[in-house]
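This report describes selected local features of one protein chain. The sequence and structure are shown first, and the notes on individual residues follow.

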Amino acid sequence: MNNVLAGKSAVVAAGAKNLGGLISTSLAERGANVLVHYNSASTEADADKTVAAIEAAGGKATTFQADLTVPANVRQLFDAAVEAFGSVDIAINTVGKVLRKPIVETSEAEYDSMFDINSKAAYFFLQEAGKRLNDGGRIVTVVTALLAAFTDGYSTYAGAKAPVEHFTRAAAKEFAARGISVNNVAPGPMDTPFFYPQETPERVEFHKSQAMGGRLTRIEDIAPLVEFLVTDGGWITGQTIFANGGYTTR
């Protein structure tokens, strides 16, 4: 096993299950200690399973529950990682919420929730990572391939993810003197429980038809890319990498 991350520590926001869970365990398999963040009590069991998998891989792990739309909670998240591991080298943010709804039907509360989760939380996660990461650190945010799409229904989802590209470019410049790289990964529609409630069976088949192999993006397609960006891909910074099997491009 390649222990390229031995002695390093990572924070994975929404790191308990699905893509976040796979990223957490993948980093641990490369030698990293991992703080597994989760938002709601319903995910606690998944977080505990992920911690057990990390420890089985020989790493140290801890969990932290919080709503990251509150900046004070983001600070406490990094405090918890420093308390557990001494310092932080890697910060991965997979937090997100999906909504497919026409503009004329979207409420103010839905708009506010989407921007709080997909934009505000991402901003303050970047801010705190910039303050707290060791020199030579790595930051990755998961966004969406819809940033390169021309489609209906996803105004608040793609719209709330779009500012993260600007946050990332600014952070990449501001953190460059310390050797910290900052990037985004933009998956295509992913074969996870978050995707299907938003779509009809017909639209699911359409999404599949637009990608290589006639399938949705899998979490196993994305985790290795994140792993690359925090290891050998450190010279890449300020970028959004579209990993979607040709679903969209720009």
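## The Arg215 salt bridge

Arg215 has a relative accessible area of 26% and is therefore partly exposed. In this predicted model, the side chain of Arg215 meets that of Asp221 in a salt bridge, with an N to O distance of 2.9 Å. Asp221 is likewise assigned to the partly exposed class, because its relative accessibility is 33%.

In total, the structure holds eleven salt bridges. One of them pairs Arg30 with Glu227, where the closest N and O atoms are 2.7 Å apart. Arg30 is located in the loop between α1 (18-29) and β2 (33-38), and Glu227 belongs to helix α7, so this pair ties together parts separated by 197 residues in sequence.

Asp152 and Arg100 form another salt bridge, and here the closest N and O atoms lie 3.2 Å apart. Asp152 is in the loop between β5 (133-142) and α5 (155-175), while Arg100 is in the loop between β4 (88-93) and α4; the pair therefore ties together parts that are 52 residues apart in sequence. Asp152 is partly exposed at 45% relative accessibility, and Arg100 is partly exposed with a relative accessible area of 21%. Through salt bridges that share partners, Arg100, Asp152, Glu199 and Arg203 are joined into one network.

## A negative surface patch

Which residues form the negative surface patch? The patch consists of Asp67, Glu108, Asp112 and Asp116. Of these residues, Asp116 is placed in helix α4, which spans residues 108-132. Asp116 has a relative accessible area of 31%, so it is classed as partly exposed.

Gly238 occupies the loop between α7 (219-229) and β7 (240-243). Is this residue buried or exposed? Gly238 counts as buried, because its relative accessibility is 17%. When neighbours within four places in sequence are left aside, Gly238 is in contact with Thr168, Arg169, Ala172, Val182 and Asn183. The C-alpha atoms of Gly238 and Asn73 are separated by 26 Å, and these two residues are 165 residues apart along the chain.

Thr248 is found in the segment after β7. Its relative accessible area is 13%, and Thr248 is therefore buried. Beyond its neighbours within four places in sequence, Thr248 is in contact with Ala145, Ala148, Ala149 and Phe242.

## An exposed loop residue

Ser42 lies in the loop between β2 and α2, the latter helix covering residues 44-56. With a relative accessible area of 63%, Ser42 is exposed, since the exposed class begins over 50%. A separation of 31 Å is found between the C-alpha atoms of Ser42 and Phe167, which are 125 residues apart along the chain.

## Positive phi values

Where does Ala14 lie? Ala14 is in the loop between β1 (9-13) and α1. The phi angle of Ala14 is near 55 degrees, a positive value in a residue other than glycine. Ala14 is partly exposed, its relative accessible area being 25%.

Asn18 belongs to helix α1. For Asn18, phi is near 50 degrees, again a positive value in a residue other than glycine. Asn18 counts as partly exposed because its relative accessibility is 25%.

Key
Residues numbered from 1 in each chain as written. Predicted model: local features only at pLDDT ≥ 70, side-chain atom pairs only at ≥ 80, totals over all residues. Heavy atoms only, no water. Helix = DSSP H or I, 4+ residues; strand = E, 2+ residues; numbered from the N terminus. Buried < 20%, exposed > 50% of the residue type's maximum accessible area, 1.4 Å probe, protein only. Contact = heavy atoms within 4.5 Å. Patch = residues over 30% accessible without salt bridge, like charges linked within 9 Å, V, L, I, M, F, W, Y side chains within 5 Å. Areas by Shrake-Rupley, 256 points an atom, 1.4 Å probe, with all protein chains shown as cover. Salt bridge = Lys/Arg side-chain N within 4 Å of Asp/Glu carboxyl O. Lys, Arg positive; Asp, Glu negative; His and termini not counted. Charge placed at Lys NZ, Arg CZ, Asp CG, Glu CD.
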